[in-house]
Each structure stands twice: as C-alpha cells, then as structure tokens.
Amino acid sequence: ASATDRPPADPLRPVTALAADRLATADLVAAAKWGTDSPIDDPAREQQVLDTVATQAQRIGADPDEIRRVFRDQIEANKLVQRGLFAEWTAHPDRAPTTKPDLNVVRQTINRINTDLVRSLADTTADRTAPACRPELLMAAVEVHLERHQDLLHTAALARSLARICRN
Ligand SMILES: O=C(O)C(=O)C[C@]1(C(=O)O)C=C[C@@H](O)C=C1
C-alpha cells in the first residue's frame, strides 16, 4: 500500500475548521451590534438558521434533527464569543471596534459557512460514529487553535461548538 491509500490522518479537520470559521464571524456580528439596539440574542434569526440547515440536511440524506442539535451548539458558541467581546469592550472601551460591519452582509457569510458545514457533517457521518471520533476531534481542535493563534475566548467557544459532533 502506498501513502496515498491511507485514510486521511485528520478526517474531522474540515468540520472543525468550518466551526472555527463560523466563530470568527462572531467578532463581526458583535462589532455590528455594539452600540446599537440590536441584542446579541435574535431568536427569529436562530429559528431561520435552524430551519434552513434542517432542510439542507434532509435534501442530502442527513438526519435533520442531529444537524439542528449541532447548529444549536454553533449558535450558543457564537453567543459566547459575542458576550465575551461585549464584556471586554465594556471594561476596555479603547479595545471596542471603530468600524461597524453590515449585519446582513455578515449573515450572508454565515449562511455560506452553514451550508458547507451541513455538507461536511454529512460527509463525516462514519468518522463521527467511529470510536476514534473524540481523539480525532481533539487533535483537529488543537491544530486549528495553534494554526490560527486563537485566544482563549475563541478556543473555549470552539470546544463548546464541538460538543455534539461525535455521535458516541
Ligand atoms: O445573526 C446574528 O444576529 C447572530 O448573532 C448570529 C447567531 C448565529 O450564530 O447564527 C447567534 C445569535 C443570534 O441569536 C442569532 C444568530
């Protein structure tokens, strides 16, 4: 067998990278909401996200309820980052953002990541069911943390976002 016959060393890397990509948008969402009347919690938008990913899951033969649960975690993790940043900006106003992104544009980015993440979850159903899922997921999270030089807030949120990736 040649090296190319080997299964990928890091099968959960794409899912982990997409979860981190989605969390990176929390900085933009927080900056868009900072100093406005828009609250961090937007239940109507959450419902829209969850319904859309469930429909996408169904269309590609994935379990819509499982995908909903995984995305509930993505949303909670996103709010963790937003709340952490609001706390930091409140305590240190000099660290608050000076430009305000357009929330609708940021949501378009989130929508694209959501679609990719649904696909990636469907593609890794076997890996996520395997006994090796937890160690592989941890390895992928450590690699993403190191490569992106993530701070504690984003790494803690990443761990939160991965809570239900493994099926066992
Ligand atoms: O779109 C927003 O307003 C966000 O804050 C992002 C997000 C999400 O993770 O999708 C998180 C919290 C809100 O309640 C709704 C959605």
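A crossing of two helices is left-handed if the near helix is turned anticlockwise from the far one by less than a right angle, and right-handed if clockwise. H6 passes H7 in a right-handed crossing of this kind. Helices (H or I, at least four residues) are DSSP runs numbered from the N terminus. The structure is a predicted model, in which local features need pLDDT of at least 70, side-chain atom pairs count only at pLDDT 80 or more, and totals for chains, interfaces and linings use all residues. Residues are numbered from 1 along each chain as its sequence is written.

Two packed helices are described by the angle between their axes and the distance between the axes. The axes are lines fitted to C-alpha atoms, for helices over the stretch in contact, and the angles run from 0 to 180 degrees between N-to-C directions. For H6 and H7, the axes come within 11 Å and cross at roughly 155°. That makes H6 roughly antiparallel to H7, given that angles under 35 degrees count as roughly parallel, over 145 as roughly antiparallel, 65 to 115 as roughly perpendicular and the rest as oblique. Ala141, Val144 and His145 of H6 meet Thr155, Leu158 and Ala159 of H7, where contact requires C-beta atoms, placed from the backbone, to lie within 7 Å. This contact has four nonpolar, two polar and no charged residues. In this classification Ala, Val, Leu, Ile, Met, Phe, Trp, Tyr, Cys and Pro count as nonpolar, Asp, Glu, Lys and Arg as charged, and the others, Gly among them, as polar.

The loop between helix H6 (133–147) and helix H7 (152–161) holds His149. Its phi is near 50°, a positive value in a residue other than glycine. His149 counts as exposed because it has 7 C-beta neighbours inside 10 Å; a residue is buried if 20 or more other C-beta atoms lie within 10 Å of its own, exposed if 12 or fewer, and partly exposed in between, with C-beta atoms placed from the backbone.

Helix H2 takes part in two further pairings. With H4, its axis comes within 10 Å and the crossing angle is roughly 40°. H2 is therefore oblique to H4, and their crossing is right-handed. On the H2 side the contact involves Val49, Thr52, Val53, Gln56 and Ala57, which meet Asn114, Thr115, Val118 and Ala122 in H4.

With H3, the axis of H2 comes within 8 Å and the two cross at roughly 145°. The crossing of H2 and H3 is also right-handed. Among the residues in contact are Glu46, Leu50 and Ala54 of H2, and Ile67, Arg68 and Phe71 of H3. Nine nonpolar, one polar and three charged residues make up this contact.

Phe71, in helix H3, is buried because 24 other C-beta atoms lie within 10 Å. Leaving aside neighbours within four places in sequence, Phe71 is in contact with Val49, Leu50 and Val53.

Helix H2 (43–59), helix H3 (64–91) and helix H4 (103–123) each supply at least two residues of the shell around the ligand, and H3 gives the most, with four residues. The shell includes Asp41, Arg45, Val49, Ile75, Lys79 and Arg107; a residue is near the ligand if its C-beta atom, placed from the backbone, lies within 6 Å of it. By class, the shell has four nonpolar, two polar and six charged residues.

Conventions:
Two residues are in contact if their C-beta atoms, placed from the backbone, lie within 7 Å.
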